[in-house]
Amino acid sequence: MQQKRISSLILLTIIIVAIGFFYYSGSENLTVYSGRSENLIGPVFDKFTEETGIEVDVRYGGTAELASTILEEGDNTPADVFFAQDAGGLGALTYKNRLQQIPDEIYEKVDSRLRSPDNFWIGTSGRARVISYNSDLISAEEIPNDIWEFTEPEWENKIGWAPTNGSFQTFITALRIHQGEEQTLRWLEGIKSNNPRNYENNTSIVNALGRGEIEVGFVNHYYLFRFLEERGSDFPVNNHYTEHDAGAMINIAGIGILNTTSYEQEALQLAGFLLTPEIQEYFVQENYEYPVTGEVSIEHSQILPLDQINAPDINLTDLEDLEGTLELLREAGVL
Amino acid sequence: MSENTFSLNLKTVNQIAQKTGHSIKNMWPSRIPLILIPPVLIITLSLAVPLIYLVIRLLQTDASIWNLLLRQQTLQALLNTLLLSGAVTISSIIIAVPLAWLTVRIDFPGRKLFSILTIVPLVIPSLIGGFTFISAFGRGGFIHQLLQWLNINFVPDIYGFGGAWILLTLLCYPYVLLTVRSALMNMDQSQIEAARTMGLNPIKTFFKVTLPKLKPAVTAGGLLIALYTISDFAAVSLLQYNTFTRLIYIEYQTSFNRIYAAVLALLLVMMSLIIVSLEMKNQNNNHYYSVGAGTKRHLMKITPGKWKWLGTGFCSLVVLFSLILPAGTIIYWIFRGLRQGEELIIRPEAAFNSFYVSFLAAILTVSSALPIALVSTHYKSKFSGFIQNIAYAGYALPGIVVALSLVFFGANYGRLFYQTLPLLLFAYVILFLPQALGTLRSSLLQLNPHIEDAGLIIGFSRMQILHKIILPLLKPGILSGAALVFLTSMKELPATMLLGPIGFRSLTTEIWNATIEAFYTRAAVPALILIIISSFSLAIIFKRKEDTEQKCQLQES
């Protein structure tokens, strides 16, 4: 009796596993590894399939995790396209020779600040670094226009940052290029002496700002608008753009095409599709991001247009620079 | 008294055995049944996959690694990790052992409900646990607002060691609770009666008789907590406490340096091996089964009289902080979002996938753990100790490391299975086998080894003994192990994300997808479904358990 029950249970397991195996096996479509979340990007893939008839399979995950996955998979990667949340992941794949160059007719459409200098990836939308602040605790006039002022002692225990986050590190890389190693180290040490809180990512910082745990935070501009939608317009946080320094640099979300793909045409079609006015407009309207082509512009009372931001012109993905940034963050005792 | 006599006997047996050339410690391979060897070898090899991967990466390293390893921050993170792991383990045991004793032994009001509710926190992913903990206890959170309303000017400081310690305790204590509960259910009533007849009061009986017998179960659960704490990333990073696992994540996230990450992960493995061997040493020389004639009888419930509300109170307090607060925060998110016109997105597919995959994972993991548990408890040898160390070593590894090791082997050497359901299930078995191993081992240690001899005498074959005697007696351990694996598979993220079939949605991938972009309302729905499904599953599992228990008691009387 007992024996019978156990063997039937085992049999059942085998059957279920087998069904599952055939049900889910293999992908014969264009495959995207997406570091951007489904909530924002899923509708774009749907629209692409609708307009071109090309089916897309998407694996969603963290940008860093997916980049590491592609590196581990080597030439056997099922991924054809990598859609990254920041330039660091695309840089890592470029450095390891895993991406192929994107033809000029697509590449040239993208703002020169928001693409790889050697055609390996393109930005599909942009985000600016800003100072977000709690408007109940501090007024707009009190926010400095210069990131150096945050190293003053009056900012002690008021700052939030996310030193392990990709977008923060790109900002530090920009700072190094803009102001040199020594100055950057001094800035990091200056902030560190103000006892900032180390958050995990941008959303945690904005959330903490809303609760009044900190007064200012170094973040990407568009997270605020997500919170306003979710919490209502009385969510007490605002954005502030610094002037003429890396504090207001532009970062990207973008894509690269794997050099092992057998769906090159489809991948390029997707790249082109992401740059169409329709989709650029979607990034602007739905996600408050900057468009990367000249055809679309952003108009919003709380968002400074791209051409008014004085960001330094830097190569976002030079991996040697990334290592240098990490070295500096370690030297300053931040990581 | 009887224990002393028995250990004397055991010594004599050992001496005789040694004289005749059969040392009890060296029974393998002469006594291990042949049929167990292939599954044990296959499972051990599978468990070693992440370790093999790490060694491959280690071989690619160069001298620059020393700069990383010899930094003061690395040492500090190591100390932080050990401190947190020890503290969480101790506080979890302090909460869980009384809870287990209350819910198994004492007939207080609400016992049945609480015996389920106190286990549910195990299913709360530490990401959600962290978010809700911050919104409940942080500045501007519920507690802070309540204090302000009461005119108390106090802001709880949740960041750093204190917050991480409390949060992980609230999320982890069910590990010990589950293992101890199943041990208590297996315990022989006659031992307790013997103690009571000798004049010990119930409390003294608990400390002198019950507690020592629970040691393997407490150790097994405590070990899981210690190792889980080492491997956790979400809770410590949200609460800003720098542990070793956070250093590993920094390597992946910032420099995409898999080699440095692997070296750091190997250090974690060494750390966990030390912890495992310390804990094992603790229990290997004792025996925990009852001896003597007579049928084993299940524990009777104590009806506590006027103190009965004390049990209800303690359970309510634990459930309030570990379950009601997070679940309440999640429900609050849903209402807050709805008020702002956020959409609720419910994907039944994700709930079904989570349930179905976790269910399969529970069956597969428990069946894989059984041969290992048998070998490691009944055929003690260097080899079985080695298997057990391998099983636990991987448990302290952060999920992302295990997932990437399977990505490496799967994509390059097992393409047919790569990113299919079987590979995902294989990952769960590797990740969660130590959990099932712990509960099975502690149940097995409570079995009197002579029960097998008894089976042989009445003419059973070894397989019959396994089926008709050992497995039925192990039932509480098997169910607890299955419950543990089921719940932890429900909340697993990194492997599900990287190794699931493409387009595979689970509740955790839905939660992650939403929280990463601050879609709290959209994260709240799958989180709530996760908690509800798990509660019902637990209720069903424990219903069966109680039924079996009652059946046994009826048969006895």
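A disulfide is a covalent bond between the sulfur atoms of two cysteines; here the cut-off is a pair of cysteine sulfur atoms within 2.5 Å. Cys315(B) is likewise in no disulfide, as its nearest cysteine sulfur is that of Cys172(B), 19 Å away. Over all chains, the count comes to zero disulfides.

Before going on, a word on what you're looking at: this is a predicted model, where local features need pLDDT of at least 70, side-chain atom pairs count only at pLDDT 80 or more, and totals for chains, interfaces and linings use all residues. Residues are numbered from 1 along each chain as its sequence is written, chains are lettered from A and ligands numbered from 1 in the order in which they are written, and side-chain values use heavy atoms, with hydrogens and water left out.

Back to those cysteines. Cys172(B) is buried, with a relative accessible area of 1%, and Cys315(B) is buried too, at 0%. Buried means under 20% relative accessible area, exposed means over 50%, and partly exposed is in between (1.4 Å probe, protein chains only).

Now look at helix H9 (161-186) of chain B. Helices here are DSSP runs (H or I, at least four residues), as strands are (E, at least two), numbered from the N terminus. H9(B) is mostly covered, with 22 of its 26 residues buried. H9(B) also bends by about 40° at Leu170(B), and a proline, Pro174(B), follows within four residues. The bend is the angle between axes fitted to the seven residues ending at a residue and the seven starting there. How far apart are the end C-alpha atoms of H9(B)? They are 37 Å apart, which agrees with the 38 Å that its 26 residues should span at 1.5 Å a residue. (That expected span is 1.5 Å times one less than the number of residues.)

The twelve residues of H7(A), 181-192, should span 16 Å, and the end C-alpha atoms are 16 Å apart, which agrees. Its buried residues are Thr184(A), Leu185(A), Trp187(A), Leu188(A), Gly190(A) and Ile191(A). When you look at that list, keep in mind that an α-helix has 3.6 residues a turn, so residues three or four places apart point the same way.

Next, the loop between H8 (142-149) and H9 of chain B, where you'll find Phe154(B). Phe154(B) is partly exposed, at 47% relative accessibility. Together with Leu146(B), Trp149(B), Leu150(B) and Ile152(B), Phe154(B) forms a nonpolar patch on the surface, with about 570 Å² of accessible area in total.

You'll find Ala518(B) between H24 (507-515) and H25 (520-556), buried at 0%.

Val40(B), in helix H2 (residues 37-47) of chain B, is buried at 2% relative accessibility. Val40(B) and Leu374(B) are 334 residues apart in sequence and 9.8 Å apart in space, C-alpha to C-alpha.

Definitions and conventions:
Patch = residues over 30% accessible without salt bridge, like charges linked within 9 Å, V, L, I, M, F, W, Y side chains within 5 Å. Areas by Shrake-Rupley, 256 points an atom, 1.4 Å probe, with all protein chains shown as cover. Salt bridge = Lys/Arg side-chain N within 4 Å of Asp/Glu carboxyl O.
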